[in-house]
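Visitor: I'd like to learn how to read a few features off a model. Could you walk me through them one at a time?

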Amino acid sequence: MPKAEYRLILKHADEPGYTVDIDCYLRHGGYQVLKKALAMAPDQIIQEVKISGLRGRGGAGFPTGVKWGFINHEKNTKPVYLLCNADESEPGTFKDKQIIYKDPHQLIEGMVISAYANRAHLAYIYIRGEFAKGAEILEKALAEARERNFLGKNILGSGYDLEIYVFRGAGAYICGEETGLIESLEGKRAYPRIKPPYFPAVLGLYMCPTIVNNVETLCHVKHIVEMGGAEYARIGTPNNTGTRIWCVSGDVNKPGYYEYPCGAITFGELLYEICGGIRNGNKLKAVIPGGSSAKVLRADIKYKIPRKKEDGSTEVVEMGLEDIPLDFDTVAATGSMSGSGGIIVMDHTRDMVECLRNIAEFYAHESCGQCTPCREGSLWMKKMLDRICTGGGRPEDSKLLLEVANHIAGRTICAFGEACAWPVQSFVEMFGEEFDAKQRKESSLEILEPLTNRTA
């Protein structure tokens, strides 16, 4: 039997009869935690979030309480803004959509508590353009919250004012990057900003202190305030607290979204017990553990994972892919990342060169074009992979692909450079034999004679 889910964020989302209207949410205890939060001092809430160890669920896994603590409220004289990143453009990731479409008031309650803690009086939900129904659901939920005084002026008689607006993006992947999101929200082209100095908590929306968190992260805040930071920290493992929603797609019998405490299950348990095994009885070949920008992990090799012993020393343990626990740190120790929680599964029938070509095509299309290495390099990699996959590969193409990727990663304003380079680096490294097999010894490109040597 597969391990039972621990549904914290998705507790009610798929319950029969559970609806998105506020009356249903109130019947299930909705907005009771908000009342508790408004009776607390803002700094108390921030401290509870720090104690909880909550890490951002949008990709980087940065500690949420630390991010909130970057704003110096004693010296700050500018307005503070809270932005909910609901862009969710990472291929393989579809968890935030479930929250928005099935339990929008949980997000709103989490946002009001988070905004109160950070002294923000204006907040935005930046939602990707393709989530048209989601934007409609959120607009209705916000109107219901205003009507019941959970939003607006003097919320629940506390003296605290907050307004939240929905802002629809135009479907650009780059708007999932927090400073690109801010530029878009200001009505400009979504060119990410250079950090430093433009850390959002210092210079964010309209050059004011701004907190940017994703949907799942903001929902967790509600539960931290409800149970207390220390109790929340007991869920999961040290430095990997709370639950995570894992999105599983690709070659498994039961793709979907699953919520478990961080580190409570391994890749093997997720794929073979929870997701019903690899489709058609095929053999597992590879997994991308954190959305398409994460480095691919090969199934038939061992990974050296450093682990702390009880005496404080570190030992290196060899693990197969299926034995690796699903948390931030262990997955990072493999050289990849758990990222946005989008797990893409590939079986032995997959052509890894074609898989990479598909990923590269996406990133070449989504580059904002601000940085030359990314703008040019992402397209070059896509063109090279097109050539390899259509029979025009050359023996030197694998090396050239790596060379281009290595000149992108670490040389761009935002992490999009890594997002397009890491898949190429890891696919070529992990599955070099498949690239070699596709690359012909001689190029199929015709070598044309100079025009001066041609005859009519």
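Visitor: Let's start with Tyr-81: which residues is Tyr-81 in contact with, leaving aside its neighbours within four places in sequence?

Guide: Contact means heavy atoms within 4.5 Å. With those sequence neighbours left aside, Tyr-81 touches Ala-120, Leu-122, Leu-205, Tyr-206, Cys-208, Pro-209, Thr-210 and Ile-211. Tyr-81 sits in strand E1; helices (H or I, at least four residues) and strands (E, at least two) are DSSP runs, numbered from the N terminus. Keep in mind that this is a predicted model, where local features need pLDDT of at least 70 and side-chain atom pairs count only at pLDDT 80 or more, while totals for chains, interfaces and linings use all residues. Residues are numbered from 1 along each chain as its sequence is written, and side-chain values use heavy atoms, with hydrogens and water left out.

Visitor: Is Tyr-81 buried or exposed?

Guide: Buried means under 20% relative accessible area, exposed over 50%, and partly exposed in between (1.4 Å probe, protein chains only). Tyr-81 has 11% relative accessibility, so it counts as buried. For a spatial reference, Tyr-81 and Ala-115 are 34 residues apart in sequence, and their C-alpha atoms are 7.7 Å apart.

Visitor: And Pro-42, where is that found?

Guide: Pro-42 is in helix H3, residues 42-52. Its relative accessible area is 17%, so Pro-42 is buried. Leaving aside neighbours within four places in sequence, Pro-42 is in contact with Tyr-116, Ala-117 and Arg-119. Pro-42 and Tyr-363 are 321 residues apart along the chain, with 40 Å between their C-alpha atoms.

Visitor: Now a whole helix. How many residues of H8 are buried?

Guide: Eight of the eight residues of H8 (residues 178-185) are buried, so this helix is largely enclosed by the rest of the structure. By name, they are Glu-178, Thr-179, Gly-180, Leu-181, Ile-182, Glu-183, Ser-184 and Leu-185. The cover over them includes helix H4 (64-68), along with strands E1 (81-86), E2 (122-127), E3 (163-168) and E4 (210-214).

Visitor: What should I look for in the backbone after H8?

Guide: Just after H8, Gly-187 has a positive phi of about 90°. Further along, a cis peptide bond joins Lys-195 to Pro-196, with omega about -10°, and another cis peptide bond joins Pro-196 to Pro-197, with omega about 10°. Pro-196 is in the loop between H8 and E4, and Pro-197 lies in the loop between H8 and E4 too.

Visitor: Which residues other than glycine have a phi near 65°?

Guide: Asn-149 is one of them, with a positive phi near 65°, and Met-207 also has a phi near 65°. Asn-149 lies in the loop between helix H7 (132-147) and E3, whereas Met-207 is found in the loop between H8 and E4. Asn-149 is at 25% relative accessibility, so it counts as partly exposed. Met-207, at 31%, counts as partly exposed as well.

Visitor: How do I describe two helices packed together?

Guide: Two packed helices are described by the angle between their axes and the distance between the axes. Axes are lines fitted to C-alpha atoms, for helices over the stretch in contact, and angles run from 0 to 180 degrees between N-to-C directions. Take H13 (residues 352-366) and H14 (residues 372-389): their axes come within 9 Å and cross at roughly 150°. That makes H13 roughly antiparallel to H14 (under 35 degrees counts as roughly parallel, over 145 as roughly antiparallel, 65 to 115 as roughly perpendicular and the rest as oblique). Their crossing is left-handed, a term used if the near helix is turned anticlockwise from the far one by less than a right angle, with right-handed used if clockwise.

Visitor: Which residues make that contact?

Guide: From H13, they include Val-353, Leu-356, Ala-360 and Tyr-363; from H14, they include Leu-379, Lys-382, Leu-385 and Asp-386. The residues of this contact divide into nine nonpolar, one polar and five charged. Here Ala, Val, Leu, Ile, Met, Phe, Trp, Tyr, Cys and Pro count as nonpolar, Asp, Glu, Lys and Arg as charged, and the others, Gly among them, as polar.

Visitor: What about H15 and H16, at what angle do their axes cross?

Guide: The axes of H15 (residues 397-406) and H16 cross at roughly 145° and come within 9 Å. H15 passes H16 in a left-handed crossing. Ser-398, Leu-401, Leu-402, Ala-405 and Asn-406 of H15 meet Ala-421, Val-424, Gln-425 and Val-428 of H16, a set with six nonpolar, three polar and no charged residues. As for burial, 13 of the 15 residues of H16 are buried.
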